[in-house]
Number of protein chains: 2
Amino acid sequence: MSVKTINVNQDILGANDILAESMKSQFQSSKVYVINLMSGPGAGKTSTVIRIIEALGNKYKIGVIEGDIASDVDARKIQEKGVDVVQINTNGACHLDANMIMSACKTLGIEGKDLIIIENVGNLVCPAEFNLGENIKLMILSVPEGHDKPLKYPLMFTEANALVINKIDLSPFTDFNMDEVKRVVMAMNPAIEIFPVSAKTGHGLDSFINWLEKKIQDNR
Amino acid sequence: MSVKTINVNQDILGANDILAESMKSQFQSSKVYVINLMSGPGAGKTSTVIRIIEALGNKYKIGVIEGDIASDVDARKIQEKGVDVVQINTNGACHLDANMIMSACKTLGIEGKDLIIIENVGNLVCPAEFNLGENIKLMILSVPEGHDKPLKYPLMFTEANALVINKIDLSPFTDFNMDEVKRVVMAMNPAIEIFPVSAKTGHGLDSFINWLEKKIQDNR
């Protein structure tokens with residue numbers, strides 16, 4: 001008699017994928033473009049969201065879902081920019097899942113929005129495993145984290161559709177090797193788009209914002 | 001009739017605690033001082049380990065356990081410093097657990113060592129939940145990550161016995177507020193020791209190394 005085994009992890013991911021597909025259909029029928037924004041702690045997710053709002057908030061209707069283990073620090077920063085924002089506190093969970101997004105979207109409202117940015121929990125590991133029904137996975141690596149991160153956190157760099165390399169204003173004070181990180185990431189993920197920027201100074205943002213605006217327009 | 005419920009997460013943590021207690025006994029009977037070193041990605045765990053080896057490697061027998069999802073980049077850096085090192089690749093898992101440490105210690109060897117440093121997976125969330133039998137949990141926050149991290153990742157800052165605030169050489173180029181981070185962390189965890197350092201320039205390291213050496217000596 002053979003033993004029947006349940007792989008709990010695969011089961012969780014399978015259930016998540018079904019909910020994510022359902023969210024994807026809702027996003028598509030509402031013609032809202034959805035970004036799943038991921039990075040390690042303090043790489044500049046919220047600063048990047050604020051830059052996107054400043055650049056595109058007058059032309060497009062934007063909503064933001066803020067994922068954090070605790071606190072509403074980031075949600076309050078976003079709210080000051082005058083866009084709709086919902087805070088998810090995961091109470092210890094290390095990533096967002098599709099079920100949380102389903103709840104958050106009921107509060108946020110999808111209809112009439114052009115862009116929803118989901119700011120995931122700051123973590124280079126777990127969020128990469130969970131689809132949220134997004135159009136793209138956008139990840140941020142910041143210069144002070146170092147150019148060896150793609151080798152150490154391969155799933156995130158393989159899953160991402162686009163990579164923002166933030167805090168290039170700190171490059172002169174670190175040994176960050178931009179050519180090396182581009183070479184390694186492109187070898188792992190040839191289709192990825194890479195944008196070196198400084199969310200602080202604004203350097204490099206034009207090219208990223210233009211690329212993002214085209215995605216929003218093409219989705220309408 | 002009442003329904004019997006198994007909380008899978010508590011069950012995992014309970015099993016881990018039993019193994020961690022067993023490791024703790026082994027560490028105590030061998031008089032080896034054990035550090036569980038945790039931080040987000042790229043905060044400077046490996047640089048700090050190398051500074052410890054450079055300062056104390058001639059006086060004390062040091063062993064290092066390197067935890068990474070993938071790659072042996074860090075283990076090779078440590079090996080060049082001439083200390084025993086074992087690499088654990090978690091293959092996707094977001095933290096080390098006591099069972100992994102049990103295996104690694106069989107390869108590394110505990111007997112005769114004064115200090116074992118366990119470099120956990122770069123993640124401010126999950127590693128904080130898993131005891132490894134260590135004497136202290138040492139965490140690193142780096143200046144470019146920002147002073148708002150304690151509010152967002154409270155468990156790690158509450159569990160840590162000591163906090164190294166690394167990359168203070170980058171402070172002039174960021175809005176990092178050292179007083180604010182100290183105030184918030186001390187409110188959450190009044191017993192914590194805090195050491196602002198630059199593993200790059202060496203600034204502030206003396207005080208941290210002296211504190212650590214006293215811990216090793218008191219443990220003998």
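Helix α2 of chain B is mostly covered, with nine of its twelve residues buried; a residue is buried if 20 or more other C-beta atoms, placed from the backbone, lie within 10 Å of its own. The model is predicted: local features need pLDDT of at least 70 and side-chain atom pairs count only at pLDDT 80 or more, while totals for chains, interfaces and linings use all residues. Residues are numbered from 1 along each chain as its sequence is written, and chains are lettered from A and ligands numbered from 1 in the order in which they are written.

The buried residues of α2(B) are K45(B), T46(B), S47(B), T48(B), V49(B), I50(B), R51(B), I52(B) and I53(B). The helix, a DSSP run of H or I with at least four residues, numbered from the N terminus, covers residues 45-56. From first C-alpha to last, α2(B) reaches 16 Å, close to the expected 16 Å, where the expected span is 1.5 Å times one less than the number of residues.

The contact between the chains takes 30 residues from chain B and 30 residues from chain A, two residues being in contact if their C-beta atoms, placed from the backbone, lie within 7 Å. On the side of chain B that touches chain A, α5 (149-152) and α6 (154-159) of chain B are the elements that give two or more residues.

Chain B is superposed on chain A by a rotation of 180 degrees with 0.0 Å of shift along its axis (RMSD 0.0 Å), with least squares on the C-alpha atoms of residues with pLDDT of at least 70 in both. This is the relation of a two-fold axis. The same surface serves both copies, as 100% of the contact residues of chain B recur in chain A.
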